[in-house]
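Q: Could you take a close look at the surroundings of the ligand for me, and then show me how that part sits in the whole chain?

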Amino acid sequence: MNDPAPIKIWNEYDRPHRDLREFLSRIERAGELLRVPGAHWNLEMGTLAESVNERPDAPAVLFEDVPEYPRGFRVLSGSTNSMRRLAITLGFPVPGHPLDVVRAYRDRMKTHRPISPRVVGDGPVRENIVRDGEVDVLKFPVPFLHELDGGRYIGTDDLVIMRDPEEDWINCGTYRVMVHDAKRLGVWMSPGKHGRQIREKYFKQGKTCPVLVSCGHDPLLFLAGGNELRFGLSEYDYAGGHRGEPFEVIESELHGLPLPAQAEIVLEGEMVPGDVAPEGPFGEFTGYYAGGRSEQPVIRVQRIYHRNDPILTMATPMRPPSDFSYSKCVMKAGMIWDEVERAGVGGVKGVWCHEAGGARMFNVIAIKQAYAGHAKQAALAAASCQSGSYLGRFIVVVDDDIDPTNLFEVLWAMCTRCDPAEDIDIIRKMWSGPLDPRIPRGVTWNSRAVIDACRPFEMLADFPPVARASPELRAKVEAKFRDILSKL
Ligand SMILES: Cc1cc2nc3c(=O)[nH]c(=O)nc-3n(C[C@H](O)[C@H](O)[C@H](O)COP(=O)(O)O)c2cc1C
């Protein structure tokens, strides 16, 4: 299962970007990077991330010349958050419609094979190594993102890297990491997340849990770390499979964990059973501060590895849209489509996880119905597969004449093809967590509404026709009146 994937296309480039810096030069050439000098870490970066990402075609933002910090220390927001930047990250052809990237992802997964990282002796991440007493995580311009946050967050577009003590594989998850002080961090992992399961294994054995936190890296690693993969599949291997070649890693000094060799900033430390401190609140992807403040394990930082002129990567959860919510829609959609097909369900024509639902709470799957029960089967698979399960809410299944990315069309289908009493099912006790604003504190499960907005299969033959001009008539009439219509 570890053969290099036969990836032929790497966008308009003939090979994957080597690191975040080469990626930045590619997106800058594509007109997808905005440089912003002078933004302060205290609330200005977070507010600008909000403001920029409310605009159509928002670029990535590189914060430079950060007040109070050395020239050259930078912060990047929104690395993957557009159709084009995602295509550049993953090496897909230039997309014209959001579903082009989703389709390209699903096509890629037909030949994708995980590729394990290659261990090397040295790399740019070791240009600077800070040890023990010299450690100060605030040497970087760590942002304080939203007004009600409980602290500065160094880990948002991050990778929390741990080795499973029983099954010996490496998990790299994106979990928020707050700064307590120069040498101590707090990490918040929701129940069920792989990093949390791994940490619990160490603690149950009475052992400290070694950990790396990468805070600036190739955006491919962020896409892997921030989305649910199957338990046991390392994000390094999955992301390597998308590159078509292995990531290079270096063994960390203290715990022998794999540092991404080209990373910008990596922190090494450990979590000790019983050592906890208050973490949060933090503005969350649902648009609330539901998780509040709670006692969470502390990471004691023992080493900092960083490149010269390091770039801290940031992703800012907030009421959507945010600087990563669009990219999440596309990735989730591709992953759910892939998983539903792998489960054996055919006829899927599109999937979209709407940004208003944080790419989790309002997901739409379009199918060409082939038999009675097909629509429900597809919807249930989409609702419960690994990438579609956590903190879901509404799953809508539509016919293939509906564009799942178009909310107007989806709502029209719900209004006209769904009879609520017959076509909405409620599934109880599904995977959720403390960030869900609608469930009581302390509860970590919720329910799902599965909305069948397809024409009922048994009515397909005589369902009323759609009242719109045929494509041929439309093209003919629009061609005749092109001059007038072009003025609209
Ligand atoms: C920007 C961003 C921030 C996230 N923050 C958290 C977090 O603080 N805690 C958490 O449990 N999941 C968080 N997630 C979701 C996890 O990254 C996601 O569920 C991922 O699959 C976790 O890795 P795992 O599947 O290996 O557990 C975040 C995702 C993104 C994209």
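A: Happy to! A word on classes before we start: Ala, Val, Leu, Ile, Met, Phe, Trp, Tyr, Cys and Pro count as nonpolar, Asp, Glu, Lys and Arg as charged, and the others, Gly among them, as polar. Please keep in mind that this is a predicted model.

Around the ligand there is a shell of 21 residues, and the closest are Gly173, Arg176, Ser190, His194 and Gly226. Sorted by class, the shell holds ten polar, eight nonpolar and three charged residues. Two elements, strand β8 (170-173) and helix α5 (194-204), each supply at least two residues of it.

Now let us step back to the chain. The domain assignment gives domain 1 (20-314) and domain 2 (325-459). Their centres, taken over C-alpha atoms, are 28 Å apart. Where the two domains meet, 24 residues of domain 1 are in contact with 24 residues of domain 2. On the domain 1 side, helix α4 (residues 98-111) brings the largest share, with seven residues. That side comprises twelve nonpolar, eight polar and four charged residues.

As for the overall fold, the protein chain has 14 helices and 21 strands. Its radius of gyration is 23 Å, which agrees with the value near 23 Å that a compact globule of 488 residues would have. Along the principal axes, the C-alpha atoms fill a box of roughly 75 × 55 × 45 Å. Of the 488 residues, 48% count as buried. Among contacts with a separation of 6 or more, 71% come from residues 24 or more positions apart.

Key:
Residues are numbered from 1 along each chain as its sequence is written. This is a predicted model: local features need pLDDT of at least 70, side-chain atom pairs count only at pLDDT 80 or more; totals for chains, interfaces and linings use all residues. Helices (H or I, at least four residues) and strands (E, at least two) are DSSP runs, numbered from the N terminus. The radius of gyration is taken over C-alpha atoms; the globule rule is 2.2 Å times the number of residues to the power 0.38. A residue is buried if 20 or more other C-beta atoms lie within 10 Å of its own, exposed if 12 or fewer, and partly exposed in between; C-beta atoms are placed from the backbone. Two residues are in contact if their C-beta atoms, placed from the backbone, lie within 7 Å. A residue is near a molecule or strand if its C-beta atom, placed from the backbone, lies within 6 Å of it. Domain bounds come from an automatic or database domain assignment.
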